[in-house]
Amino acid sequence: MMPVSDTPASRLVEDLAKSFAGEETVTAGELIKRLEGRGLGLLLIILALPICIPNIPGISTLFGLLLIGPSLQMLFGQRQLWMPRLATRWSFKNETLTGALKACVSVLRKIEFLVRPRLLVLTGGLWLRYFGAQTLLMALILLLPMPGANIIPGIAVVLTGLGLLQRDGICLLLSFPVAVASVTWVYFGARYVLNFLMWLWMQTEALWAGLAVASGS
């Protein structure tokens with residue numbers, strides 16, 4: 001059974017931000033340690049929502065990597081959270097983390113009134129494994145160096161986290177079309193980049209061929 005909470009997500013995130021007061025830097029491992037036991041839903045929100053907020057640069061790759069752990073826990077029904085050791089050693093300024101968490105609080109306060117327990121069957125069992133696989137896919141997409149590929153999968157993970165944290169099956173259902181949109185964006189984006197590279201290669205070959213003909217004459 002997944003841990004759930006009747007406390008608003010914004011208050012949980014606000015309490016987490018206050019717990020880091022007085023620290024200069026925070027490692028990813030310490031962040032994960034303080035989140036353990038508060039529910040995977042909150043962990044997903046903390047790791048994904050900052051990715052969706054502009055002006056918080058440099059965290060999408062790190063948080064995408066950290067999302068692999070909870071997604072595997074959901075997928076395989078593990079009791080203990082696994083994280084890549086290298087990722088847990090990464091650190092960032094407390095000011096950056098606190099700013100990201102405060103931005104999360106502001107966003108959550110605007111949307112969490114819509115979230116409430118419903119369609120509880122979607123929050124456990126085989127459905128939980130499906131949303132674990134979906135979250136894993138979104139985490140892998142977040143690792144791609146593709147412009148504009150961060151926000152959409154981030155939103156999908158946030159919806160999943162809200163659904164798990166507050167037992168809202170509607171939020172979980174809404175994450176599915178957002179995840180599909182993310183995969184579609186990556187697919188067509190990758191095709192565009194590949195076609196552009198092929199065109200650039202052909203133009204380069206034509207240029208070299210022209211220079212060879214000119215030099216030979």
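Predicted model: local features only at pLDDT ≥ 70, side-chain atom pairs only at ≥ 80, totals over all residues.

Trainee: How many helices and strands does the protein chain have?

Mentor: The protein chain has ten helices and two strands. From the N terminus on, the order of elements is α-β-α-α-α-α-α-β-α-α-α-α.

Trainee: What share of the residues is buried?

Mentor: Of the 217 residues in the protein chain, 44% are buried. The chain exposes about 12,000 Å², and 66% of that area is supplied by carbon and sulfur atoms.

Trainee: And among contacts between residues at least 6 apart in sequence, what percentage join residues at least 24 apart?

Mentor: The value is 74%.

Trainee: Let us turn to the core. Which residues of the largest nonpolar core touch the most other members?

Mentor: That core holds 56 residues, and those touching the most other members are Val 13, Leu 31, Ile 46, Leu 47, Phe 63 and Leu 162. Helix α3 provides the largest share of this core, with eleven residues.

Trainee: What does Val 13 touch, apart from residues up to four places away in sequence?

Mentor: Val 13 touches Leu 42, Ile 46, Leu 101, Cys 104, Val 105 and Leu 108.

Trainee: What about Leu 16: buried or exposed?

Mentor: Leu 16 lies in helix α1, residues 9–19, and is buried because its relative accessible area is 0%, where the limit for buried is under 20%. The C-alpha atoms of Leu 16 and Leu 101 are separated by 8.1 Å, although these residues are 85 apart along the chain.

Trainee: Back to α3. At what angle does it pack with α2?

Mentor: Helix α2, residues 28–35, and helix α3, residues 40–52, pack at about 150 degrees, and their axes are 10 Å apart. On the α2 side, Leu 31, Ile 32 and Leu 35 take part, and they meet Leu 42, Leu 43, Ile 46 and Leu 47 of α3.

Trainee: How many residues of each class are in that contact?

Mentor: The contact of α2 with α3 has seven nonpolar residues, no polar ones and no charged ones.

Trainee: Which residues of α5 are buried?

Mentor: In α5, residues 68–76, the buried residues are Ile 68, Gly 69, Pro 70, Ser 71, Gln 73 and Met 74. Their cover includes α3, α4 (60–66), α8 and α9 (151–165). Just after α5, Gly 77 has a positive phi of about 65 degrees.

Trainee: Which residue other than glycine has a positive phi near 55 degrees?

Mentor: Arg 167 does. As background, most residues other than glycine have a negative phi. Arg 167 sits in the loop between α9 and α10 (169–216), and it is partly exposed, at 26% relative accessible area. Leu 119 also is not a glycine and has a positive phi, of about 45 degrees. Leu 119 is in the loop between α7 and α8 and is partly exposed, at 42%.

Trainee: A change of topic: with which side chain does that of Gln 134 make a polar contact?

Mentor: The partner is the side chain of Ser 175, at 2.9 Å. Gln 134 lies in helix α8, residues 125–142.

Trainee: Why does Gln 134 count as buried?

Mentor: Gln 134 counts as buried because its relative accessible area is 6%, and the limit is under 20%. Leaving aside neighbours within four places in sequence, Gln 134 is in contact with Thr 160, Ser 175, Phe 176 and Ala 179.

Trainee: One last residue. Glu 95: buried or exposed?

Mentor: Glu 95 is exposed, with a relative accessible area of 69%, and its place is in helix α7, residues 94–111. Glu 95 and Glu 24 are 71 residues apart in sequence, while their C-alpha atoms are 7.6 Å apart in space.

Note on methods:
Residues numbered from 1 in each chain as written. Heavy atoms only, no water. Axes fitted to C-alpha atoms, helices over the stretch in contact; angles between N-to-C directions. Helix = DSSP H or I, 4+ residues; strand = E, 2+ residues; numbered from the N terminus. Contact = heavy atoms within 4.5 Å. Nonpolar A, V, L, I, M, F, W, Y, C, P; charged D, E, K, R; others polar. Core = buried A, V, L, I, M, F, W, Y, C linked by side-chain atoms within 4.5 Å. Buried < 20%, exposed > 50% of the residue type's maximum accessible area, 1.4 Å probe, protein only. Areas by Shrake-Rupley, 256 points an atom, 1.4 Å probe, with all protein chains shown as cover. Polar contact = N/O pair within 3.5 Å; in protein donor to acceptor, adjacent residues only side chain to side chain.
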